[in-house]
Amino acid sequence: MVVDGVEARASARPASAEELAAALAEAAAEGLAVIPVGGGRALGMGDPPARFDLALYTSRLDRIVDFSPHDLTVTVEAGLPLETLQAELAKARQFLPLDPFGGPGHTVGGLLATGWSGPLRLRYGTARDYLVGLRVALPDGKLARSGGRVVKNVSGYDLNKLHLGALGTLGVIVEASFKLFPQPLHEVTVRREAEGFEEAWREAERALSLAMPPVALALLKADSGYSLVARLAGSEEGVRRIQRELGWARTPFLFWVELAESGSRSWARLAVRPQALAAVLRSLPAPARWVAQPGVGVAYWFSLESAGAFRAARAAAEAEGGSAVLLGASTELKHEVGAWGSPPATIDLMRKLRAAFDPKCTISPGRYLV
Amino acid sequence: MNRGALEQLRKAVGADHVVSDPHDLVIFERDASITGALPDAIVFPADTAEVSKVLRIAAAHGLPVVPRGAGTGLSGGAVTIRHGIALSLARMHRILEIDAGNRTATVEPGVVNLDLSQAAARQGLFYAPDPSSQKACTIGGNAAENSGGPHCLYYGVTSNHVLGMEVVLADGSVHRVGGDNPDRPGLDLLGVLVGSEGTMAVITKIQVKLLPLPEAVTTLMAAFPTIETASHAVSDVIAHGIVPAALEMMDHATVGAVEAHYRAGYPTDAGAVLLVEVDGLTESAQELMDQVRRLLESNEAFSCRVAADAAERELLWAGRKGAIGALGRIKPNYYLHDGVVPRTRLPEVLRQVGEVAGRYRLPVANVFHAGDGNLHPNILFDLRETGVMDRVEKAGEEMLRACIDAGGTLSGEHGIGLEKNAFMPWIFGPDDLDAMQRVKDVFDPGGSLNPGKVFPDAERKEARLLARSGVASEAQWW
């Protein structure tokens with residue numbers, strides 16, 4: 001396994017959470033650096049590792065521990081591929097509204113550790129909103145649970161949230177429980193082309209102001225112009241009315257499947273409060289290819305080339321209180337601009353938290369903000 | 001508390017805003033739980049800077065600090081079990097901004113939940129979490145406890161709606177966590193502070209999400225012969241892919257008390273009454289409610305009634321939200337837990353709840369969030385009866401135990417506080433609690449913020465006895 005040009009000296013494929021915790025603790029005791037690997041789809045995220053000794057694969061932790069369709073909950077091991085989980089849930093006409101870019105092949109644990117999400121967050125939020133329980137292997141070999149398996153729970157601190165998007169730096173996620181959703185009663189995908197950005201943005205705002213907004217809305221910038229694609233879901237009568245009010249043309253659902261497979265070797269995620277997204281998009285260079293999520297405030301820039309253009313976009317996002325994070329880039333570009341951008345004002349508290357869980361920086365040293 | 005500390009507090013917030021007369025302190029002895037303890041002083045800061053000063057003074061004198069909203073909490077979160085300072089945020093009650101464009105509001109912690117929703121409604125928006133105490137409870141308290149409410153079934157709990165907070169730590173330092181960037185790089189400090197029950201930080205500002213008011217809301221009341229039939233109906237609705245905005249159940253005892261008080265039109269011969277609310281487009285709400293009604297009726301529902309207008313809807317809800325108060329008709333005092341179970345286990349757990357109550361010779365009335373399996377068994381009693389509290393507490397503990405044995409958890413929305421911290425080892429092992437303690441130690445290394453809560457507390461038993469005997473006449477305060 002190679003991450004940003006740094007090759008691991010060894011790898012481990014533990015068969016259980018206990019084995020994984022033991023391997024992690026052993027590495028920590030020896031002062032080694034460990035990078036947890038799920039599907040390997042998001043290893044481009046973060047700064048180049050300072051050290052890398054052991055690739056710790058979760059691939060053998062791939063069981064569905066408990067699926068209770070009538071309770072709308074599921075508990076899975078971290079190495080389970082998202083597609084496998086969704087196929088199982090679909091048998092009960094349910095789903096996890098997690099539709100990240102850069103697939104297929106994401107594992108559940110990897111998605112939680114990276115905090116990736118997709119277009120459906122417009123309606124369903126991110127994993128932060130439907131993750132109900134975690135089990136995490138800590139560098140001292142302990143296995144700690146937080147939350148539970150029920151859909152509503154305020155027992156103890158909500159440590160689930162701390163691990164989301166932490167790139168494994170507080171511990172390696174080995175098991176997760178989710179609240180599930182029933183598949184929509186009725187659903188259509190509609191599309192509209194636009195020549196210029198302003199026209200496209202106005203249409204996006206119109207879609208968002210409908211009495212029943214789309215559950216997902218993507219604004220795509222390609223070489224030839226702009227496309228808007230929306231996913232309308234709800235009761236049959238309701239969807240029919242909204243489709244009529246919106247007036248966009250029907251298009252195959254396949255669009256979303258293909259969108260989820262888009263990614264790039266050199267790409268970034270821009271995030272800003274929804275009302276400021278248009279200004280940030282205008283700051284991107286004309287030839288840029290990107291997909292934006294109006295109403296959410298997030299955009300994926302797929303054709304990242306020069307450090308200068310990226311710096312300008314990051315400055316525009318940060319000026320609005322947002323951020324620009326590299327999801328994958330050459331080691332050179334990472335060294336030049338840094339993966340994460342300006343550190344948050346609370347960085348000291350974050351450092352203390354990291355030190356409380358991973359005092360020797362065993363997990364992914366150098367890759368995360370802390 | 002020594003004179004020096006008191007003088008400093010008076011200087012920090014103004015002498016009028018520090019209460020230390022023993023007679024006045026009694027007012028802040030309790031929250032809505034069954035324990036109480038006197039603070040040494042009550043301090044009412046006016047703004048963040050004053051909160052920070054108070055915390056610095058407390059740190060210098062080694063005084064515990066317990067933040068307090070409206071005191072409607074049910075788990076003892078606002079009880080000053082180690083005495084020290086009760087920090088009331090009541091004076092910080094301004095709505096600072098409602099940003100209709102970004103659909104957010106920024107408020108001070110003392111803003112009352114319902115006041116925010118009403119202010120937002122003027123711009124066609126609403127704040128989703130709606131605890132039954134929403135007429136009194138504050139947004140700061142809601143954020144500290146991660147409160148729920150009937151409409152959380154569809155809309156989610158408080159943590160799903162808080163975007164950012166300004167907090168003051170025990171050392172007096174002020175921090176902004178979260179914000180409106182949807183993908184903030186860095187650890188989610190906001191996420192772990194919401195629901196931390198005042199043990200890690202004092203919340204001084206909250207930015208929340210607002211949602212557009214739905215075009216249509218329809219509310220249906222349905223009666224069932226038994227709790228079992230009603231529970232099956234609930235499962236059937238959800239199995240058909242319908243997640244209503246709210247799905248609430250009341251048992252026979254509750255219906256009787258509520259009907260006598262509110263005349264909401266609940267059939268008093270019902271074994272259980274369900275309230276179902278569906279919102280959205282006019283067409284969707286209608287279509288979904290028709291489907292819901294058919295499903296309920298195929299599960300033995302009778303006397304189904306859809307509220308004809310807003311007034312009727314509010315009456316149906318008044319009964320549900322005022323249910324616990326109405327139970328005063330049966331006995332003057334109540335005690336309730338809010339354990340959660342997987343929804344499919346509701347009928348058997350409710351049966352066990354009834355058995356436990358019978359064994360302890362205590363009446364119990366159930367009103368709960370059926371959609372998400374969140375129980376609220378109200379144990380009814382009269383505090384003037386000698387020795388009744390021991391039976392009440394024992395019964396409550398056994399009911400919670402039944403929830404845990406069914407794969408559930410201790411609390412869905414009320415918090416752990418000092419009511420259930422001794423039971424934490426039922427669901428969390430030493431390693432789980434140790435992980436939580438590490439986080440606590442980062443934010444509050446001296447352990448001065450709301451001590452004796454959330455974590456199992458070796459000093460608890462003694463402290464509670466002290467608390468009890470510290471009350472001149474317990475019954476007086478019920």
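This is a predicted model: local features need pLDDT of at least 70, side-chain atom pairs count only at pLDDT 80 or more; totals for chains, interfaces and linings use all residues.
Chain A contains 13 helices and 20 strands, and along its principal axes the C-alpha trace spans about 60 × 50 × 30 Å. For its 370 residues, a compact globule would have a radius of gyration near 21 Å, and the value for chain A is 21 Å, which agrees with that expectation.

One backbone feature of chain A deserves a separate remark. Most residues other than glycine have a negative phi, and most peptide bonds are trans. The peptide bond from G103(A) to P104(A), however, is cis, with omega near -5°, and P104(A) is found in the loop between β8 (94-95) and α3 (108-114) of chain A.

A corresponding remark can be made about chain B, where H83(B), a residue other than glycine, has a positive phi near 60°. H83(B) is found in the loop between β3 (65-68) and β4 (85-88) of chain B, and its position falls inside domain 1 (1-91) of the domain assignment.

That assignment for chain B continues with domain 2 (95-212), domain 3 (216-325) and domain 4 (331-437). The centres of domain 1 of chain B and domain 4 of chain B, taken over C-alpha atoms, are separated by 29 Å, and the contact takes 10 residues from each of these two domains. On the side of domain 1 of chain B that touches domain 4 of chain B, the residues divide into 4 nonpolar, 6 polar and no charged.

As a whole, chain B has 17 helices and 18 strands, and its C-alpha atoms fill a box of roughly 70 × 60 × 45 Å along the principal axes. With 478 residues, a compact globule would have a radius of gyration near 23 Å, and chain B, at 22 Å, agrees with this.

| Helix pair | Axes come within | Crossing angle |
|---|---|---|
| α8 (residues 227-239) and α10 (residues 282-297) of chain B | 9 Å | roughly 140° |
| α13 (residues 346-359) and α14 (residues 388-405) of chain B | 9 Å | roughly 160° |

In the pair formed by α13(B) and α14(B), the crossing angle of roughly 160° makes the helices roughly antiparallel, because angles over 145 degrees are counted in that way. The crossing of α13(B) with α14(B) is right-handed. From α13(B), the residues V349(B), Q352(B), V353(B), V356(B) and A357(B) meet A395(B), E398(B), M399(B), A402(B) and C403(B) of α14(B), and this set divides into 8 nonpolar, 1 polar and 1 charged.

In the other pair, α8(B) and α10(B) cross at roughly 140° and are therefore oblique to each other. Here too, α8(B) passes α10(B) in a right-handed crossing. The contact is made by A233(B), D236(B) and V237(B) on α8(B), together with V292(B), L295(B) and L296(B) on α10(B), and its residues divide into 5 nonpolar, no polar and 1 charged.

In total, 70 residues of chain B are in contact with 67 residues of chain A, and α16(B) gives the most to the chain B side, with 8 residues. By class, this side of chain B has 27 nonpolar, 27 polar and 16 charged residues.

How values were computed. Residues are numbered from 1 along each chain as its sequence is written. Chains are lettered from A and ligands numbered from 1 in the order in which they are written. Axes are lines fitted to C-alpha atoms, for helices over the stretch in contact, and angles run from 0 to 180 degrees between N-to-C directions. Helices (H or I, at least four residues) and strands (E, at least two) are DSSP runs, numbered from the N terminus. Angles under 35 degrees count as roughly parallel, over 145 as roughly antiparallel, 65 to 115 as roughly perpendicular and the rest as oblique. A crossing is left-handed if the near helix is turned anticlockwise from the far one by less than a right angle, and right-handed if clockwise. Two residues are in contact if their C-beta atoms, placed from the backbone, lie within 7 Å. Ala, Val, Leu, Ile, Met, Phe, Trp, Tyr, Cys and Pro count as nonpolar, Asp, Glu, Lys and Arg as charged, and the others, Gly among them, as polar. Domain bounds come from an automatic or database domain assignment. The radius of gyration is taken over C-alpha atoms; the globule rule is 2.2 Å times the number of residues to the power 0.38.
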